[in-house]
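Please open the structure below in your viewer and keep the selection tool at hand. Each stop says what to select and what is there.

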Amino acid sequence: PTDRAHCCLAVGVWHTMWRFLILLVTFAPLEATTGICGSQCKSDAECGSCGNSSAGRCSSPAARTAYPAIAATCVDSPSDAPTEPKPNVADSRWPDTWTADVQAYVYKDWSGNAVESKGKFYYDITTGHTRTDWHPYIDGRDAKQVWIGGSQTEKSAYYVKSGPICIYFTIHDPGMGGSVGVELPDWIQRCDTAGMATYVGRERVNGEWVDHYSCIIEYAKVNQTIVFQNWHSLGLGKTPKGLPVRVTGGNSAPNAQKGSPRLSSVWYTNFITGANAVKPDDFAKPNWGWCIPVGLEEAKAFFGVEKLSVAHLSHPDVQRRAHYLPHAKPAKSDLARARQKLPRAKAAGSSLQEVAVKLNRFLTRERGLTTRACSSFKLEELHGVHRELFSARSPILQSVYVGDRRSLRYASDAELAEAHKLDVLWSKDQPHLLEIVRDGLCHELVMMYMHHLSASARTAIKEGAFVLPRLPEGGLHQMPVAAQRGDGIAAAVHQSYTNKTSCAICHVARAVAEPRVIVV
């Protein structure tokens with residue numbers, strides 16, 4: 001093919017496969033695991049728990065690129081692999097209609113932190129529809145996502161239903177233009193035709209013999225590399241030949257705002273194929289079509305993007321945010337409280353300790369809300385609560401807090417992630433400052449729950465496994481002695497703590513709260 005044909009095929013594969021990953025992005029936190037099949041790796045020594053002791057190895061089709069970590073995972077590669085059937089990229093074509101149980105792992109950035117999702121996937125290329133059911137969704141309830149690909153007669157639309165609420169928005173794909181269709185069944189063959197596919201080898205996935213192919217797309221002008229991988233069944237076990245037992249995507253420029261995780265893998269089991277695998281009713285719009293439409297301006301304000309595209313939906317941060325869209329509009333009581341500059345007398349006290357006790361009493365009495373002492377949380381747990389509250393925030397409430405101590409200091413998931421990195425860095429560099437870092441976070445999380453979530457969002461967030469830390473009741477931390485002596489990290493920790501506790505100090509009737517002195 002000509003260079004132009006190569007380019008067109010590459011772009012087609014790129015957009016096809018990111019669209020494919022869109023319906024597999026409803027994630028819950030997952031403890032980072034190493035050594036098991038599918039986990040990220042750097043060497044064979046890290047893959048001892050994948051297959052038997054001699055079969056696990058670290059496979060990175062992107063090893064020759066500048067970004068091997070976007071494709072490096074542990075695989076089960078026994079030495080006694082069957083020699084028949086011979087490898088053939090044409091065997092990787094999916095059936096036109098099929099369903100399967102799915103399990104997805106995603107590494108959003110360059111850290112080792114992963115997120116997980118489980119559910120069931122429906123595929124029908126003949127009508128251009130896909131669907132995923134999640135058990136459970138991120139809020140602890142079951143959910144349904146239906147993708148209706150664009151055609152000459154209907155616009156491409158993405159539906160999300162969780163509990164009684166259903167929303168939908170049309171999807172725009174700036175890279176391809178026109179209608180946005182679902183993923184193509186022969187995408188790996190198209191990559192091969194473009195000269196970008198490589199046969200990696202014969203391996204096992206969940207006990208099934210598979211052929212492993214990769215597709216590397218490099219954009220030299222912007223120094224970006226994209227890698228897709230496909231493991232299709234050889235038909236030697238219970239899974240029919242050609243079905244995708246595992247699919248992986250990697251991106252050297254992960255970005256939550258653009259919907260691009262660094263490394264995402266999806267496993268498929270319990271396939272049903274053939275003409276009767278799906279039926280038209282499987283792709284019916286949720287709620288009998290009674291779903292809340294999301295307009296462009298509303299999406300721009302809520303997601304912080306000019307136009308919600310296909311790529312955005314392939315990132316767990318964006319999907320978590322989308323779940324709270326129906327709850328974005330605050331009630332009149334929320335707005336009245338937001339416009340009130342001083343707290344009511346029953347929420348005020350003569351000292352920070354008294355204020356903390358009063359506010360904690362309100363929290364523990366709130367119906368449906370689970371709380372724990374701030375000191376019982378690990379730093380990573382508090383960061384998880386922080387991400388969930390940030391996803392549930394209302395832009396309307398934030399707009400009220402201009403020049404107010406309740407105003408959030410993070411405008412995006414990326415900024416929040418940077419703040420979390422600093423928390424970890426400070427705590428590791430000077431462990432004695434961890435208590436100050438932790439207590440400051442607890443103050444900010446309570447403030448966000450009370451002042452940045454609509455009443456509807458607070459109800460929704462409580463229906464899952466959400467646990468809110470209570471305010472520390474030990475008083476205000478004084479500036480560490482090390483900070484007074486010029487230590488930059490100690491000074492930064494104290495400044496961050498001061499910012500996070502500024503809302504609670506407003507609840508103190510006196511001008512200054514009595515500090516609790518800690519010498520570090």
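**Stop 1: the whole chain**

Show the chain as a cartoon, and keep in mind that this is a predicted model. The secondary structure comes to 13 helices and 19 strands. The chain has 520 residues, and 53% of them count as buried. Among contacts with a separation of 6 or more, 68% are between residues 24 or more positions apart.

**Stop 2: helix α10**

Select residues 434-451, which form helix α10. How far apart are the end C-alpha atoms of α10? They are 26 Å apart, which agrees with the 26 Å that 18 residues should span at 1.5 Å a residue. Most of this helix is covered, with 15 of the 18 residues buried.

**Stop 3: the partner helix**

Two packed helices are described by the angle between their axes and the distance between the axes. To see the contact, show the side chains of Asp423, Trp426 and Ser427 on α9, together with Leu434, Val437 and Leu441 on α10.

**Stop 4: the largest nonpolar core**

In soluble globular proteins, nonpolar side chains tend to be buried together. The largest nonpolar core here has 58 residues. Select Leu389, Tyr449, Leu453, Ile461, Phe466 and Leu468, the residues with the most contacts inside this core. Helix α10 gives the most to the core, with nine residues. Apart from this core lies another, of 25 residues, including Tyr213, Cys215, Phe228 and Val266.

Now centre on Tyr449. Leaving out residues up to four places away in sequence, Tyr449 touches Leu363, Glu366, Leu369, Leu389, Arg458, Ile461, Lys462, Phe466 and Leu468.

**Stop 5: Thr99**

Go to strand β4, residues 97-107, and pick Thr99. Is Thr99 buried or exposed? Buried means under 20% relative accessible area, and Thr99 has 2%, so Thr99 is buried. Its contacts, not counting residues up to four places away in sequence, are Lys120, Phe121, Tyr122, Asn270, Phe271, Ile272, Ala277 and Val278.

Definitions and conventions: Residues are numbered from 1 along each chain as its sequence is written. This is a predicted model: local features need pLDDT of at least 70, side-chain atom pairs count only at pLDDT 80 or more; totals for chains, interfaces and linings use all residues. Side-chain values use heavy atoms; hydrogens and water are left out. A nonpolar core is a set of buried Ala, Val, Leu, Ile, Met, Phe, Trp, Tyr and Cys residues joined through side-chain atoms within 4.5 Å. Buried means under 20% relative accessible area, exposed over 50%, partly exposed in between (1.4 Å probe, protein chains only). Helices (H or I, at least four residues) and strands (E, at least two) are DSSP runs, numbered from the N terminus. Contact means heavy atoms within 4.5 Å. The expected span of a helix is 1.5 Å times one less than its number of residues.
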